[in-house]
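Work through the exercises below with the model open. Each solution goes step by step.

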Amino acid sequence: MPATEKGRLCKMETVIIVLMILVALGFVLKQSFGNPAAVIAVAVVAAVFTGMMWPYAIEQSKSQISSWLSDSDLMLDVAVVMSVEIILQMAFCIMAVNISAEGWLPKWQIAVYKVLRWFPGVLFFPVLFSALTYLIFALPGAGFSTVAWILAGAVLVIVPAGAWLFRKAVPEKDLRLELYFILNALMAIFGVIATVNGQTAVDGYSEVDWKAFAGMVLIILAGAAVGLAWYALRLKGLGHLLKRKDRHRL
C-alpha cells in the first residue's frame, strides 16, 4: 500500500473514531429523556447485542476494515443511513422544544413525537460491534466470549449511569435538547467527512447556471412566504380563540 494511501486511511480511521464517540455520547444523552424502565430496557438490548456478536466480530480483520473504509459505494450507503437517523433525532429535538414552548401540538404530531422519543437509534449498535472488534484485537490472549460479555456488562452499567449523570449535570431539559441537537449536527459534519472519502456523487462545475440559481432563490422565497402566511394565520386563529375564552369568562 502506498504511503499516501496508508496515511489517508489512518486519518479516516481517526475521523471515524471521533464519530463513534459522538454517536455513543448522543445515544446515552438520548436516554436521559426517557423513564428509568425504558432506559434499562434499552441498556439490556444493547448489552445482549454486544455479548452475542462475538462470533461475527472474530471473523473481521484490520485489513477488511481498511477495505471497507476505502469502498466509496459502501461509505455512501452508510451516509444515507446516518443522515436519516440524524434527521429523525433532530426532528425529535425540534418537536420537544415546540411542546415545551407552546404546551400543545396536534394529535398526529404528538404521536410522531412519542415514536421519536422511544426510538433510541441504530447507529449505536454498529459502534458497539466496532468497539467489540477493536477490543478483541487488543486482547488476543483472552477468550472471545469472555471479552464480549465483559463489554456487555460495561454497556449495561454505562448506559443507565451515563443517562443519570446527564440528568444530574444538566437538569434543564431544554439545555439537554440543545446539547443533543448540537451533537447530531457534529455527527452530520463528521459523517460527511468520513463517508464521502474524498469523492463526491456528482462532478462540480466551474460556471454558475444563473437560471437554475434564480429558480432556486424563487423556490426559497415562495416557501418562506407560504411559511410566514401560515404562521400569521395560525397566530390570528390563536388570537380569536383567546378572545372567545375571555368573553366566556366575562
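**Exercise 1: Buried residues and length of α8**

In this predicted model, the buried residues of α8 are V147, A148, L151, A152, V155, V159, G162, A163 and F166.

Solution. 
- Step 1. Helix α8 covers residues 144-169.
- Step 2. The expected span is 1.5 Å times one less than the number of residues.

**Exercise 2: α2 against α8**

Task: Classify the packing of α2 and α8 from the angle between them, then list the contact.

Solution. 
- Step 1. Helix α2 runs over residues 36-52. Its axis lies 8 Å from that of α8, at an angle of about 160°.
- Step 2. Angles over 145 degrees count as roughly antiparallel. Therefore α2 is roughly antiparallel to α8.
- Step 3. The crossing of α2 past α8 is right-handed.
- Step 4. From α2, the contact takes V39, A43, V44, A46, A47, V48, T50, G51 and M52. From α8 it takes A148, W149, L151, A152, V155, L156, V159, P160 and A163.
- Step 5. Sorted by class, this contact of α2 with α8 holds 16 nonpolar, two polar and no charged residues.

**Exercise 3: T50**

Task: Decide whether T50 is buried or exposed, and name what T50 touches.

Solution. 
- Step 1. T50 sits in helix α2.
- Step 2. Its relative accessibility is 1%. Buried means under 20%, so T50 counts as buried.
- Step 3. Leaving out residues up to four places away in sequence, T50 touches L128, L132, A148, L151, A152 and V155.

**Exercise 4: α7 against α8**

Task: Describe α7, then find how α7 and α8 are oriented to each other.

Solution. 
- Step 1. Helix α7 spans residues 124-138, 15 residues in total. From first C-alpha to last it reaches 21 Å, close to the 21 Å expected.
- Step 2. Buried in α7 are F124, F125, V127, L128, F129, L132, T133 and I136.
- Step 3. The axes of α7 and α8 come within 10 Å and cross at roughly 135°. The two helices α7 and α8 are therefore oblique to each other.
- Step 4. α7 passes α8 in a right-handed crossing.
- Step 5. L128, A131, L132, L135 and I136 of α7 meet F144, V147, A148, L151 and V155 of α8. That contact of α7 with α8 has ten nonpolar, no polar and no charged residues.

Methods
Residues numbered from 1 in each chain as written. Predicted model: local features only at pLDDT ≥ 70, side-chain atom pairs only at ≥ 80, totals over all residues. Heavy atoms only, no water. Axes fitted to C-alpha atoms, helices over the stretch in contact; angles between N-to-C directions. Helix = DSSP H or I, 4+ residues; strand = E, 2+ residues; numbered from the N terminus. Parallel < 35°, antiparallel > 145°, perpendicular 65-115°, else oblique. Left-handed = near helix turned anticlockwise from the far one by under 90°. Contact = heavy atoms within 4.5 Å. Nonpolar A, V, L, I, M, F, W, Y, C, P; charged D, E, K, R; others polar. Buried < 20%, exposed > 50% of the residue type's maximum accessible area, 1.4 Å probe, protein only.
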